Amino acid sequence: MKHTLPELPYSYDALEPYIDSQTMTIHHTKHHAAYVNNLNAALEKYPEYQERTLKELLTSLDSLPQDVYWAVRNNAGGHYNHTMFWNTMGQSQGSEPEGVLRKKIEEAFGSFENFKDVFSKAAVSRFGSGWAWLVEDKDGKFQVVSTANQDNPLSDGFKPVLGLDVWEHAYYLKYNNRRPDYISGWWNVVDWQKVAKMYEES
Ligand code: MN3
């Protein structure tokens, strides 16, 4: 079973003006595609690992053959993270979490506004390349964490609920070095209905 690049669930210009079409095109067809190709290449000589899902790979990194450990960690993470990222965005400007998601966010952070603040700070202060995340811990409590490179919270025992890519490739063409502007724009394209659906299904 080879991993394949999923199609975007919307057009490349769908998230304009917050995320521009050129960035989306390069991000999906070059960056995400490279993670998929590199993952397949790393697993080529290990057929037994080709059958594992991304989640299975990312929750058992220590069991990987040593010579492909970093290739799988980085590229399975890259593939999983970007697939999730595309699927939590859309043209639903100003949507807000409802139901269980809202309740858990308010329990953990006091309010949705305060959650956004905590999350944005984690995203701004992630040094170098990485991601900011809303995660659920083993006790069912929500937390904000950030990871380096393409690491995924699954590998630390969390369930990822929402992730934001803060690699420069995600925003540099439009926002240059202004990561905080990219982050505040991104909130406009988070589709909380999709986030809730994914949360319920995972
Ligand atoms: Mn990226």
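Tutor: Residues are numbered from 1 along each chain as its sequence is written. In this predicted model local features need pLDDT of at least 70 and side-chain atom pairs count only at pLDDT 80 or more, while totals for chains, interfaces and linings use all residues, and side-chain values use heavy atoms, with hydrogens and water left out.

Student: What makes Asn 149 partly exposed?

Tutor: Buried means under 20% relative accessible area, exposed over 50%, and partly exposed in between, with a 1.4 Å probe and protein chains only. Asn 149 has a relative accessible area of 41%, so Asn 149 counts as partly exposed. Asn 149 is in the loop between S2 and S3, and has a positive phi of about 55 degrees although it is not a glycine.

Student: Why are the buried residues of helix H9 said to line one face?

Tutor: In H9, which covers residues 192-201, the buried residues are Trp 192, Val 195, Ala 196 and Tyr 199. Seen down the axis of H9, these buried residues fall within an arc of 95 degrees, so they line one face of the helix; the arc is that of the directions from the helix axis to the C-beta atoms. Gln 193, Lys 197 and Glu 201 are exposed on the other side of H9. Helices (H or I, at least four residues) and strands (E, at least two) are DSSP runs, numbered from the N terminus.

Student: Why is the pair of Phe 109 and Phe 115 called tilted?

Tutor: Rings of Phe, Tyr and Trp (its six-membered ring) pair if their centres lie within 6.5 Å, and planes under 30 degrees apart count as stacked, over 60 as edge-to-face and the rest as tilted. The ring centres of Phe 109 and Phe 115 are 5.3 Å apart and their planes are at 50 degrees, so the pair is tilted. Both Phe 109 and Phe 115 are buried.

Student: How do you know that His 27, His 82, Asp 165 and His 169 are donors of the manganese ion?

Tutor: Donors are N, O and S atoms within 2.8 Å of the metal (3.2 Å for Na, K and Ca), and water is not among the atoms, so sites may look incomplete. The protein donors, His 27 (NE2), His 82 (NE2), Asp 165 (OD) and His 169 (NE2), lie 1.9 to 2.1 Å from the manganese ion. The pair of His 82 in helix H4 and Asp 165 in strand S3 links distant parts of the chain, 83 residues apart.
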